[in-house]
Amino acid sequence: MASYNYMMSADEVAQELNCSKSHAYKLVKAMNKELAAQGYITMAGRIPKAFWAKRMYGYEIAGN
């Protein structure tokens, strides 16, 4: 069975931005709210890596 890791946890967001976990959770919550408004299903505390890359850095991950 294949295992795909296409979601980022709030812990990974905190590590990447070098910020507190509570701030990372606020960012993830805001991005999930944006995704939900677009009609996507979201997971609390997690954000798709492709959406993260597009929103934070302005680029898209190939293959996602």
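Q: Which residues does Ala10 touch, leaving out those up to four places away in sequence?
A: In this predicted model, Ala10 touches Ala24, Tyr25, Val28 and Gly45, once residues up to four places away in sequence are set aside.

Q: And which residues of H1 are buried?
A: Ala10 is one of them; the buried residues of H1 are Ala10, Val13 and Ala14. Seen down the axis of H1, these buried residues fall within an arc of 100°, so they line one face of the helix.

Q: What do the buried residues of H1 pack against?
A: They pack against strand S1 (7-9), H2, strand S2 (46-48) and H3.

Q: Which residues make up the largest nonpolar core?
A: That core has eleven residues in all: Met8, Ala10, Val13, Ala14, Ala24, Val28, Met31, Leu35, Ile47, Phe51 and Trp52.

Q: Let us step back. How many helices and strands does the protein have?
A: The protein has three helices and two strands. Read along the sequence, they follow the pattern β-α-α-β-α.

Q: How much of the protein counts as buried?
A: Of its 64 residues, 25% count as buried. The accessible surface of the protein comes to about 4,900 Å², and 53% of that surface belongs to carbon and sulfur atoms.

Q: What about contacts between residues 24 or more positions apart?
A: Among the contacts in the protein with a separation of 6 or more, such pairs account for 40%.

Q: Now Asn32. Is that residue buried or exposed?
A: Asn32, which is found in helix H2, has a relative accessible area of 7%. The cut-off for a buried residue is under 20%, so Asn32 counts as buried.

Q: What does the side chain of Asn32 reach?
A: The side chain of Asn32 reaches the backbone oxygen of Arg46 at 3.1 Å. A polar atom of that side chain also lies 3.0 Å from the backbone oxygen of Met43.

Q: Which residues is Asn32 in contact with, leaving aside neighbours within four places in sequence?
A: Asn32 is in contact with Thr42, Met43, Ala44, Gly45, Arg46 and Ile47. Of these residues, Ile47 belongs to the largest nonpolar core, and Gly45 is also touched by Ala10.

Q: New topic: how many salt bridges are there?
A: The count comes to two salt bridges. In one of them, the side chains of Asp11 and Lys21 meet, with N to O at 3.6 Å. This pair links distant parts of the chain, for Asp11 is in helix H1 and Lys21 is in helix H2, ten residues apart.

Q: Which residue forms a salt bridge with Arg55?
A: Arg55 forms a salt bridge with Glu34, and the closest N and O atoms are 3.1 Å apart. Arg55 lies in helix H3 and Glu34 in helix H2, so the pair ties together parts that are 21 residues apart in sequence.

Q: How do Arg55 and Glu34 count in terms of relative accessibility?
A: Arg55 counts as partly exposed at 44% relative accessibility, and Glu34 counts as partly exposed at 28%. Asp11, from the salt bridge with Lys21, is partly exposed at 36% relative accessibility.

Q: One last point. Which residue just after H1 takes a positive phi?
A: That residue is Asn18, whose phi is about 55°.

Terms used
Residues are numbered from 1 along each chain as its sequence is written. This is a predicted model: local features need pLDDT of at least 70, side-chain atom pairs count only at pLDDT 80 or more; totals for chains, interfaces and linings use all residues. Side-chain values use heavy atoms; hydrogens and water are left out. A nonpolar core is a set of buried Ala, Val, Leu, Ile, Met, Phe, Trp, Tyr and Cys residues joined through side-chain atoms within 4.5 Å. Buried means under 20% relative accessible area, exposed over 50%, partly exposed in between (1.4 Å probe, protein chains only). Contact means heavy atoms within 4.5 Å. Helices (H or I, at least four residues) and strands (E, at least two) are DSSP runs, numbered from the N terminus. The arc is that of the directions from the helix axis to the C-beta atoms. Accessible areas come from the Shrake-Rupley method with a 1.4 Å probe; for residues, only the protein chains shown count as cover. A polar contact is a pair of N or O atoms within 3.5 Å; within protein, one must be able to donate a hydrogen and the other to accept it, and residues adjacent in sequence count only if both atoms are side-chain atoms. A salt bridge is a side-chain nitrogen of Lys or Arg within 4 Å of a carboxyl oxygen of Asp or Glu.
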